[in-house]
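Reader: Could you walk me through this one? I would like to start with the overall picture and then go into particular places.

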Amino acid sequence: MSIRMIRTRLRSAAALALLPALALTACGSGGTAGSTTAAAQSPAPTDDPVAAVRKVDSAAALLPADVRRSGKLRIGSSVGFPPGAYYPNGPGKAPAGQDIDIADAVAKVLGVKAVRQDASFETILPALGSGKYDVGTGNFGVTTQRLKTVDFVTYINDGQGFAVKKGGTALKKKVTDLTQLCGLTIGTGAGTTFETTLAEQRGVCAKAGKKPYEVKVYSENAATLTALQQGRIDVIMSTINGLRYQAAQPAAGTAFLGEYHRLDVGFAFRKGSPLTKAFQAAVNELIEDGTYARILKKWGTSASAIDTSRINPPEHR
């Protein structure tokens, strides 16, 4: 083997080794390997629009008496990848992101402390019903199915999108119809709207006379990204804002294919929770005083802004 070939293989191996490090902290929710490298790839913005937020008595008065007495809100938080929620300085350090800032700002408006507990995405909604958490965050899209068991208070409009390996040949254009995925292997997150959409539409390829697509489900975004780079999947289906942000990081090596379906995203509560009106009032207060716009500008998600927060809106069609 020539020296040139050896150097090429070493460079390829080094690049592949970097991927899990980037994914674990910038796109995943566990592990400590490579946290310094990942933090360098995705440092958190330094401005703090939440610092100036103060309690608003009219919103705080909507809280149930037991929450006002305790002064705390137990938040089940899925820390996945930027710009929603991630660990810019590695696991064990403070998380950052759009969802973190909005939740902290809401807590300040309501005059309570946000007590955050990390949890895997697919475990949060079931845990709300058991009373483990008061509220869940994790870019939860509002869907007809979820509305049967969960209440939502909206705070952004995000949704579903696709990404591929940069320079790959699997897909070259925006996905507007799932038949474009026929014959491909799609990676997505467990318990997500993406998994549900792909499962519900699995028969579209057979109807079109094409080979069906295959779905591989991962519990961490780290594993999904690594699978894409290693060629075990052809395309990722995930959040619009997350995939757009990821594609802007050179080490990720992905290309964003655009939006597929928009969804309202909200704080999640057990069905019938007495907290929804207080949260809605707090989000609307942040929208009115300009804090909300500053948070979204900080994280590059201004295109996901909403005009007003709603409780349990119907799913976008």
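This is a predicted model: local features need pLDDT of at least 70, side-chain atom pairs count only at pLDDT 80 or more; totals for chains, interfaces and linings use all residues.

Reader: Let's go to helix packing. At what angle do H5 and H11 cross?

Author: Helix H5, residues 98–110, and helix H11, residues 276–289, cross at roughly 105 degrees, and their axes come within 9 Å. The two helices are therefore roughly perpendicular to each other, given that angles of 65 to 115 degrees are counted that way.

Reader: Which residues in H5 and H11 meet there?

Author: From H5 there are Ile102, Ala105, Val106, Val109 and Leu110, and they meet Ala278, Phe279, Ala282, Val283, Glu285 and Leu286 in H11. Sorted by class, this contact of H5 with H11 has 10 nonpolar residues, no polar ones and one charged residue.

Reader: Tell me about Glu285, then. Buried or partly exposed?

Author: Glu285, which lies in helix H11, is partly exposed, with a relative accessible area of 25%. If its neighbours within four places in sequence are left aside, Glu285 is in contact with Val56 and Val109. The C-alpha atoms of Glu285 and Thr308 are separated by 9.5 Å, the two residues being 23 apart along the chain.

Reader: What about H11 and H12, how do they pack?

Author: H11 and helix H12, residues 291–298, pack at an angle of about 80 degrees with their axes 4 Å apart, and that makes H11 roughly perpendicular to H12. The contact is made by Leu286, Ile287 and Asp289 of H11 together with Thr291, Tyr292 and Arg294 of H12. By class, the contact of H11 with H12 has three nonpolar, one polar and two charged residues.

Reader: Changing topic to the backbone, which residues does a cis peptide bond join?

Author: A cis peptide bond joins Pro82 and Pro83, with omega at about 10 degrees, and Pro83 lies in the loop between strand E1 (72–77) and H5.

Reader: Which residues have a positive phi although they are not glycine?

Author: Asn139 has a positive phi of about 60 degrees although it is not a glycine, and Asn312 has one of about 50 degrees. Asn139 is found in the loop between strand E3 (135–137) and strand E4 (150–165) and is buried, with a relative accessible area of 17%. Asn312 is found in the segment after H12 and is partly exposed, with a relative accessible area of 27%.

Reader: What does Val150 touch?

Author: Not counting residues up to four places away in sequence, Val150 touches Leu125, Leu128, Ala268, Phe269, Lys271 and Asn312. Val150 is found in strand E4 and is buried, with a relative accessible area of 3%. Val150 and Leu125 are 25 residues apart in sequence and 7.3 Å apart in space, C-alpha to C-alpha.

Reader: Last one, Glu315: where is it found, and which residues does Glu315 touch?

Author: Glu315 is found in the segment after H12 and is buried, with a relative accessible area of 17%. Leaving out residues up to four places away in sequence, Glu315 touches Val142, Thr143, Thr144, His261 and Leu263, and the side chain of Glu315 reaches the backbone nitrogen of Thr144 at 2.9 Å. Glu315 and Gly141 are 174 residues apart in sequence, while in space they are 8.7 Å apart, C-alpha to C-alpha.

Definitions and conventions. Residues are numbered from 1 along each chain as its sequence is written. Side-chain values use heavy atoms; hydrogens and water are left out. Axes are lines fitted to C-alpha atoms, for helices over the stretch in contact, and angles run from 0 to 180 degrees between N-to-C directions. Angles under 35 degrees count as roughly parallel, over 145 as roughly antiparallel, 65 to 115 as roughly perpendicular and the rest as oblique. Contact means heavy atoms within 4.5 Å. Ala, Val, Leu, Ile, Met, Phe, Trp, Tyr, Cys and Pro count as nonpolar, Asp, Glu, Lys and Arg as charged, and the others, Gly among them, as polar. Buried means under 20% relative accessible area, exposed over 50%, partly exposed in between (1.4 Å probe, protein chains only). A polar contact is a pair of N or O atoms within 3.5 Å; within protein, one must be able to donate a hydrogen and the other to accept it, and residues adjacent in sequence count only if both atoms are side-chain atoms.
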